[in-house]
Structures are given as C-alpha cells and as structure tokens.
Amino acid sequence: MGDDSNAVRAEIEGDGDVKVVVNGNINTSGDDSTGIITSAIGTTEVTVNGDINTAGHASLAINTNSLGNGNSFVTVKGNIKTAGADSDAIYTSAYDDGNAIIAVTGDINTSGDDSHAIYAYAGADVRVGLIGNINTKGSGSGGIVATSDDGNIHIGLHSGSVSAAQGNAVQFIGNGDNLLTIMEKVTIQGGSTYQKDGMTSKNFDVHGGDGNEKIINLGQLSTPGIIDLGGGRNSFDNRPSSIFESGESVILGSRNAFTNWGEFSPGGTDSVQHTALTGYLINKPNSQYTVTINPSAKGDKNDQLTILGRAILLGGTVKVSSTAKTYDGSYTILTASEGVRGRFDKVLDTIFADNTLSYKRNAVTLSSKSKGFGFCHFARTANQRSVCTRFSRYANNKPNKKSIRRPITQGNSLNSSQVSANGTTADSSGGYHSPTHLELALLNQSTEDGFRAALDDLSGEIHASLKGSLVDAGQTTVAAINRRITTNVDNADPHTATASVANLSLLADDRSGLWITGYHPSAATAATSRGSLIDMGLGGVLLGFDRELNDRWRFGVLGGYGQTGVDQPIRSSAALVDTWSVGAYGGAEAGTTRLSFGTLYSGHTIAANRSVHIDTFSEQLSASYGARSWQIFGEAAQQIQAANLMLEPFAGLSSVSLHTDGFSETGGEEAALTASSDTNRTAFTTLGLRGAIALRDKIQAQAMVGWRHAFGDRNPSSSLRLSNSSAGTVTGVPIAVDALVTELGLKASVSDSVNLGVAYHGRYEDGAADHGFKADLKLRF
C-alpha cells in the first residue's frame, strides 16, 4: 500500500450512525494510512475480530470519532501493532454528552513517538477494559490515556501488563470520580525520567489529575515505579486475598488513605524496596505486610515503608521473606511522620529464625535471631532428605554461588532504593548472588509441617510410584492370560464341564480358538513412609488366538491395549499411561498335571503432570516419556476331581523387567525435574487353589484364592535432579511383599462355539486393596 491509503473509511456528514465490523486482518504500510477510520454525528461502533498492523507515520490502527452526542464503541479481539510516529493503536473520541467505551482482548504494541496504545476522550464517561498486554516504546507514548470533560472514567485491567517505556502507563485526565480496577495478575510500569523543553520530568505507572482517583485491587498488582493520583479525594483499596507489590512511591495526597485488607509487599517477596507513601496507611485485621530482608546486600538490606502521614495499625500479620536462612539483627520496616497508632497482631517466625516487633512513636522495627537449625534439620522421610540435598548450598551451609543477571527496569543506574529484581545488589563482576523464587519459598516457611509438605511437593514422587503401578498392571494382564488357559466351558455335560477347569485337554478339540477379554480393576494404596496414597485405575482388552498342536500341547498369540491412570492427590500429581502389548503363550498336560507359560512385551507412553504450590511460588509441570516392559510367566497345577467339583492347587512364577526412559519436565524453570533412564526388575510367586462346580447345564461357578509374594525391586525409585543440582533418589509407593489374591465368577456355554464369562477379582494387602471385574468371550471354529 502507498501513502494516504486507509484500509477502511466510513464517514457520515449529516445525522446518522456508523457501524463497522471486520472479521479478518488489516495491514497498511504507507504514511497517513489508518487501518479503520470512522466519523459520524451520531454513534460510531467498530468491532474487529482479527489483527491490525500499520507501519507508516500518522497511521493509526483505529480512529473513531462521534462528533455529536453519540457514543463511540470500540471492540477488538485480536492484536494491534503500529510502527510509525503519531500512530495510536486506538484513538476514540465522543464529544458533547457522548461516552467512549473500549474493550480489548489481545496485545497492543506501538514503537513510534507520540503513539499511545489507547487514547480515549469523551464529553461524558470513559470506559476501558483490557485482557492482554500493552507495550509502547516511543517518546511520549502512553499506555492508556483516558480523558473526560464532565464524566467519570473507569479503567478495568483483567490480566496482563501495561508498559510504557517513555510515557505514563495509565493516565486519568478529568475532574470526575475515576476508578482503576485490577481483577487478576497485572503489572503496570511507566517509563523513566525524560527531558522536555529544558526540564526534567517523570513518567508514572499510574497518573491522576484533578479528579477523585481510586484504585481497587482485587488481584495481584505490581507497580515498580510511581503511582501519583494527583489532587482530589483519592484512595487505594487493597482488598482481601489481593496482593500489592509497590515500587518507588505511592502518592495519594494528604490524609488520603491506602487501606490494606490483603497482602502488601514493597517490591514483591524477592526484592528489597523502599516505598514512600504520601497519605495514610490503614492496615486492617487479617491483612499481611510482607517484608523482604537481604542481610548480604551492599545497600538497603530490608523493605521499608516510609509514610508521609500516619500509620493506623488495626492488626494484621508481618511476614518475613528473607534471602538467607538466618538474618540476625534489627531492621526498621515502617516509619510514619505523623506517628504510628495501633499494633500489628503478630510477626511470623520462620522455622530457622525467631522474629519480634518493637514500636516507637514514629517507627516499627523487626528484630531477628537464629534458631540454630540446619536447612535439612526438619526433613523426616527419605524422600524429604533427598529433596533437601538438591539445595546443596543451604543443606551444606555453602554460600550461594549461582549468579543471575537481571536487568534494571527503571533508570540507567542502581540507587539505594533500587536493587535487583530478586533482592540483591550487583557485585564487581556484574552478577547477582541471590536465591531463586523457589528457594525463597523454602527459606521462609513458618511451620515445620509446611516445610515438609513443600519438600514432598517438590519430590516428583509420581514418577517413582508410577513404576510400581505399571508392574502391578502387568500382573493384571498376566492373570487375564492365565484365566484363558485354565478356564474353559467346552462341554455341555455339567460334570465334564466342571472337570474342565484348568484342563487343557478340553482345548484339544481339533479346532482353533479366538478369545477376547476385557478387564477394569481399580486400586487404592495407603500412604507409607516411602510414599503418599495413590489411586490407580486400569482398563484394557486382550485379544488372542490359539491352536492345538497335538493332544497335549497348545500354543497361541495375543495382543492388547490398556490404559493406566495413577493419581496422587496429596502431591497434586497424576499420570496417564497408554500400553500396547503383544505376546505368546502355551500349555501342556500329562494326565492331571498341567503346565502353562508365556511371555509378554509391552510398550508404554506416559503423560505425567504435577503442580507445585509453595506460598507465592507456583509451577505447573508435565513430562512425556516412554517405557518398555518384558514379562515371562509360568504356572504348574495338579487337578483333583471329586464328583462334580474340581479342585486345582497351583504354583505360579512371573518376572517383569521395566525400563523407563529419561525425561525432563516442562512448564517451569525452578521445580522442573530431569531423570535418567533406568530399569527395575521384580518377580512374583503365587501359591493358590482354584475350584469350580457345576450349577446347572452349561453353567459353572469358579473361584480362586492365592498368596502372592513379591521380591526383587519392590521399592520403585527414580533418580531426579533440578537444573544445576546433583541427582537424588526418590522412592514411590512400594510393591507389597505379600498379598491375598481372589477371584469369583461364572462361565456359561451359549452354544457349541461360543462361551461367555464374568468374574470379580481382588487383591488385598497391607494398606491397599484392588477390586476389578472382567468379561470373557471365546469363539471356537
């Protein structure tokens, strides 16, 4: 496109309204080439479902004008980008008594000078809603600028960020009652100081005018720079369950109040920040004031709120977020020029430090003394100790040698009230010695139980417990194969049919057999010192074909698909495994003695996920990897006939080798684990008794009871490590040494070539139970 080439232009000179709907993307490249321009005496309405990109000078993305008493509506569901100077992303005006209403779901980026992301003017009210991110780079380019002559302004930020590198991030211009509402997690950041007309001026995160400005935070608001609400009756409400992370200053005006019902943390929990508050602080009961302490910092060592006004403390809790395990000393955390009235309810100790508060007329001081405990002192289980040693610099009382370089986001130099984003100052090499967000969450635990729960959440135990679940699932598959070999109703005579239990000679009918079995057990394993409670669900189907070789031998092949679900609710962890299996089996008999055997190969596709939530630290982690198992199994049995009752003592042996591939979790940076491949080998013996009795013609009842014993790798484990840490062994829920296995079912001969069966099967062991049902269909031809 060339210059003066608007993509969409809709104007009415006389009375009337304009409505434009665009479903698609718009791109312009020339100067004075706006994406959408509308003008009307009445109402203008623009709806865009798509992206807009403009590149030239004075090339706005959307420019709408209601010149009479009409309203101006702009709705965008998409992203907007402008590159030229004087190129606002959205400019809307509604004159006289008109209202300007803007709703954006998407991201806005402008790079030219004097190019606002959103500029809204109205004679009456202005409403702006944003779900997304705003980023402006040019000089004098604001994020959201809202102007009203005689109405009120309401800006609602649902989630995302508003950043203006060289302008005000959010600006109110008007004399009315103006409101900024924060719904979820939002960062608002204006630019640094700038020179204009020979004078030095500042940009603001939030800038008010002559109206009555109010901020209501219902989510998590971070403002690294300055909030200046200007003149008027201003207020800032940090509502219950909300978090406010302040920056350099909050200017409300004399006797205007910042009221804290939620959590107030200067600079956030991982950085030291001195915040100046102009106005009153009213700290409500059940609120929290979080103070970051960095005893090794070269400059300011702790958060401090300096109030140019009065502090009214009606209760609440002081919580410490320290970059060190211990931080002995005294720290002034609050001063108030007009005095401190009231008290906090309490200050929380950490498991490593005792904290106390002292009060003077104009100040509150926090004092701390070490309890003398080592970092891993409170770990109780083997898994907790293994996780603890991942943080070797604390576990071994070594200094933090990890350097993290973080940019300074405001200004060009580091001053006493501005330190790195995670709470420390730069050393001579330009790096920062600081703990990670995860380490901060561990260092500042206030209870022993909370610390242990955090270690458990970090363990990645689901990966180890899953191995035991796959081994157990393999035994379910082997049991289904054995049932095919040992139970048949091939003869219509009830006595003969009953005797057919575990009698392979009844397969010798000069015909082939096709069979299918579906199974669906579920199990719950109680927590132990090695692992937490797990729930396992298993479902699958096996399809086989076998044929007689002579009157003593029969061989077959099989394939199947199964799905195993494992849930560890207390660890916020779960896994889903898809399994494909192929195998071969056979059997032979000599008189009343029977022998059966087989082998099974299975390929597993694993999708595991877990959530780590420790105070304000949170990551959602997932891993996809593979595993393979190989099983061999055999069984010997002796038939005992007594009238129409058949009994069969048996002894079985099964051995499984499970190889699990290595993996690295995704979805997080600090709690994500990496594992190497490994192999587990477990064997099982089963001694038991089967029985069957004829109930009526072509129907028999069958039962089994047995004792299963496991040996070998009964305690499944995984070698797991964090990035830049050594690996540690984490164990899962162990496979039971001994278990009682049972089965009870019915078999029926529908016709000479079709048999049906249903059965309940269970496994009972110390702290666990497994219940399931299966159905069989066998066809002979």
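Trainee: What percentage of the residues in the protein chain is buried?

Mentor: A residue counts as buried when its relative accessible area is under 20%. In this predicted model, 54% of the 781 residues in the protein chain are buried.

Trainee: With which residues is Thr-742 in contact, leaving aside its neighbours within four places in sequence?

Mentor: Contact means that heavy atoms lie within 4.5 Å. Thr-742 touches Met-704 and Val-705, and also Tyr-760, His-761, Gly-762 and Tyr-764.

Trainee: How is the chain as a whole built, in helices and strands?

Mentor: The protein chain contains six helices and 58 strands. Among its contacts with a separation of 6 or more, 68% join residues 24 or more positions apart.

Trainee: Which residues form a negative surface patch?

Mentor: Asp and Glu count as negative. Here Asp-3, Asp-4, Asp-31 and Asp-32 form such a patch.

Trainee: Where does Asp-31 lie, and why does it count as partly exposed?

Mentor: Asp-31 is found in the loop between strand 3 (26-28) and strand 4 (36-40). Asp-31 counts as partly exposed because its relative accessibility is 33%.

Key: Residues numbered from 1 in each chain as written. Predicted model: local features only at pLDDT ≥ 70, side-chain atom pairs only at ≥ 80, totals over all residues. Heavy atoms only, no water. Helix = DSSP H or I, 4+ residues; strand = E, 2+ residues; numbered from the N terminus. Buried < 20%, exposed > 50% of the residue type's maximum accessible area, 1.4 Å probe, protein only. Patch = residues over 30% accessible without salt bridge, like charges linked within 9 Å, V, L, I, M, F, W, Y side chains within 5 Å. Areas by Shrake-Rupley, 256 points an atom, 1.4 Å probe, with all protein chains shown as cover. Salt bridge = Lys/Arg side-chain N within 4 Å of Asp/Glu carboxyl O. Charge placed at Lys NZ, Arg CZ, Asp CG, Glu CD.
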